[in-house]
Amino acid sequence: METKEKKSFLSRIPSWVLSIITAVLSFIFLFILAYTVGEVIAYISYDIVIVFACFFICRENPNSVWYVPIICNAMGIIAAIVEPNFWITALWMIICGGWVLSLIGAISGALMGRRATR
């Protein structure tokens, strides 16, 4: 028997689709900010957007905690592999810190989502 509870906007869209949308839009957001305000602020803002997205996506679907942070950070992961100067500059600390924070956000969102479904 199904309840007549209203489902949220996020629960209707698969988590992998939301993760791809997050990856693409945050990457566009990164380049817009990097052009206007500077590189360091742009990367910090990029990381914050991804952390919140991972939290909300995993809160709606706690089982997606295994792949949401990877898909959302796909552009940064590809840059770390392809870019020859990635590990030489100090910017890698901000990006890798964002990876850790997105994992923490995804795990905490999944924990909150599991608690809400019980």
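Colleague: How many of the protein's 118 residues count as buried, as a percentage?
Modeller: It's 35% of the 118 residues. Buried here means under 20% relative accessible area, exposed means over 50%, and partly exposed is in between, with a 1.4 Å probe and protein chains only. Bear in mind that this is a predicted model, where local features need pLDDT of at least 70 and side-chain atom pairs pLDDT 80 or more, while totals for chains, interfaces and linings use all residues. Numbering runs from 1 along each chain as its sequence is written, and side-chain values use heavy atoms, leaving out hydrogens and water.

Colleague: OK. How many helices and strands does the protein have?
Modeller: There are 6 helices and 0 strands, so the DSSP runs behind that count are helices (H or I, at least four residues) and strands (E, at least two), numbered from the N terminus. Along the sequence the pattern reads α-α-α-α-α-α.

Colleague: Where is Trp 16 found?
Modeller: Trp 16 sits in helix H2, which covers residues 15-36. Trp 16 counts as partly exposed because its relative accessibility is 48%.

Colleague: Switching to rings: how many aromatic pairs does the structure hold?
Modeller: There are 5 aromatic pairs. One of them is Phe 55 with Phe 56, an edge-to-face pair at 5.2 Å centre to centre, with 75° between the planes. The cut-offs: rings of Phe, Tyr and Trp (its six-membered ring) pair if their centres lie within 6.5 Å, and planes under 30 degrees apart are stacked, over 60 edge-to-face, the rest tilted.

Colleague: And Phe 55, is that buried or exposed?
Modeller: Phe 55 is buried, because its relative accessibility is 17%.

Colleague: What about Trp 87 and Trp 92, which kind of aromatic pair do they form?
Modeller: A tilted one: 5.6 Å centre to centre and 55° between the planes. Trp 87 is partly exposed because it comes in at 47% relative accessibility, and Trp 92 is partly exposed too, at 30%.

Colleague: Now the second largest pocket. Which residues lie nearest its centre?
Modeller: Tyr 43, Ala 79, Phe 86, Leu 91 and Ile 95, out of 17 lining residues. A pocket is an open set of points on a 1 Å grid over the protein atoms alone, where a 1.4 Å probe fits, with protein on both sides within 12 Å along at least five of seven lines; lining residues have an atom within 4 Å of a point.

Colleague: Which elements give two or more residues to that lining?
Modeller: H2, H3 (39-60), H5 (74-82) and H6 (91-117). H2 gives the most, with 4 residues.

Colleague: Last one: in which helix does Val 49 lie?
Modeller: Val 49 is in H3, and it is partly exposed because its relative accessibility is 34%. Val 49 and Ser 26 are 23 residues apart in sequence but 6.9 Å apart in space, C-alpha to C-alpha.
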